[in-house]
Amino acid sequence: MSDLWRYPFLPDARKAVQGLELETLLNDPLYGEARALGLMRLETAVKDGRIVLETPADALAEKDHLHGFLISRLLLAVAGDASLTGLVAVAEGERTQHFLHREPGAELVRLARQLSVATTRANGGYTVNFVDYLRAAGSLREGKWKLVNRPLRDGHVRLSRRTLERLMREAVAQHLLTLPEPPEGIAKRFESEIEALLQVVRQRRERAVREMGKFDYGKAPPCLAQQLADLQGGINLPHPSRFFLTTFLAALGRDPEQIMELYATAPDFRESVTRYQVEHITGKSSGTEYDSPACDTLVSQGVCPGGNTLCREIRHPLQYYRVMAEREKPEAVRRKRIHLATGGGEAKFWTQLPLRFSGDVPQRSLTAALRSDAPSRVAVRVDHFRARREKRGDEFIISALARLVDDTVPTPLLTLSLTQWELALPLASAREAGVVVEVTLLPVKLGGAKRLHILAVG
Ligand code: SF4
């Protein structure tokens, strides 16, 4: 058996299965396994984000894999949904990278060339023609992929093996965004399967928007706040800023009309031009939904006004917005996340941890607050502030810890982990500025030590 099943998109793999009538592939019981594999390819890509198929046992099973791949392409063509195609292309790219990682160097070079990435081995690494590099790396937004950040000699870019594998993954994903012409008759035959796939894509989209919480400019990263302030101040935004603003708001579920309303205050506002741009970028007229750029890109384009403490822990403005949605999570989830970030303590301690307070809270010194079993307002200095990003089980948490002090305590006291960044950010600013900040806090006992549970800041 060959290894064509690993790379079913390459010309050699296509040659191995050419000549079969479409009618036979779609309806002959002999190809039932191939059809099932084609569907499974799409289902696992869309549901799990990765394609998991068993290794074919023999040459016959390998052919089923190759036919299955063809079926998957036809189904995508018929579905005609850019998000579905994109999800599958990314999953196919990742699957390819997994196999490439095990290939000997000479084979890696051969496969790269088949993907139109002219590659040679050189001095323990690899070189790639710069035109092919630019084409393959074009959609990789991080600054390290920019040509100016790569060693370039005689029109060739030098890459490590790992980087070449990543580049080839991208080349595969891009290649698979181009679909064949949808053949007639197949739409009816696979109607329910295609609808089920599109349903999963819709659910994913809804979930992504839900995770962002309610639409709220209060969760906006500094870059978004800056563009909005400029618009309100009558400043014409340059193209990169408009692209960012439009893609960012579209990712949060804002429709083109709502986005258009924002631009209406711009001094150069022309409805027809703005509508064309917004509808093109959001995919309404173009069919392509552009991704919102990452921080790296926004920094290099001058759109980022300089981040704050939370910005240093994230790579994408949407991630910032998602982190700021912490307070919208159910209380049990928030307690669990504070517990995971802090560690220690009995289960009962965490399930009873208050997250809210009511009524007037008395102003106290830190010493008096430590003696009270009710919340107090205390004017403190932030002696120490530290942000952390950790994976705890299935949870990814960006949290902060601070040490607070006033003139009535001999040493600064540690807070519980702060997962709510509306509380953490003003503490970080107060620390940087060396100023006093008012907090509402409740002293709690954890692991034999007093800790400060912050309920509000400012
Ligand atoms: S670092 Fe990123 S999220 Fe923060 S302001 Fe800059 S671009 Fe926006």
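Colleague: How should confidence be read here, and what is the mean pLDDT of the chain?

Modeller: Where pLDDT is low, predicted coordinates should not be read in detail. In this model the chain has a mean pLDDT of 90, with 97% of its residues at 70 or more.

Colleague: Where in the chain is confidence lowest, and where is it highest?

Modeller: Helix H14, residues 271-281, has the lowest confidence, a mean of 83. The highest is in strand E7, residues 413-414, at 97.

Colleague: Turning to the strands, do E1 and E2 run parallel or antiparallel?

Modeller: Strand E1 (residues 119-122) and strand E2 (residues 125-129) are antiparallel and are joined by four bridges. One of the bridge pairs is Ala122 with Gly125 of E2. The two strands make a hairpin with two residues between them, and Asn123 in the turn has a positive phi of about 50°.

Colleague: How many bridges pair E2 with E4?

Modeller: Four bridges, again in the antiparallel sense, pair E2 with strand E4, residues 156-159. Among these contacts, Tyr126 has Leu159 of E4 as its bridge partner.

Colleague: Then the ligand. Which helices each supply at least two residues of the shell around it?

Modeller: Helix H11 (222-232), helix H15 (295-300) and helix H16 (317-323) do. The residues around the ligand include Cys223, Cys295, Cys304 and Cys311, along with Pro221, Pro222 and Pro317. Leu298, Gly307 and Tyr320 also belong to this group.

Colleague: How do the shell residues divide into nonpolar, polar and charged?

Modeller: Nine are nonpolar, one is polar and none is charged.

Methods: Residues are numbered from 1 along each chain as its sequence is written. This is a predicted model: local features need pLDDT of at least 70, side-chain atom pairs count only at pLDDT 80 or more; totals for chains, interfaces and linings use all residues. A residue is near a molecule or strand if its C-beta atom, placed from the backbone, lies within 6 Å of it. Ala, Val, Leu, Ile, Met, Phe, Trp, Tyr, Cys and Pro count as nonpolar, Asp, Glu, Lys and Arg as charged, and the others, Gly among them, as polar. Two strands pair if DSSP finds at least two bridges between them. pLDDT is the predictor's confidence in each residue, from 0 to 100.
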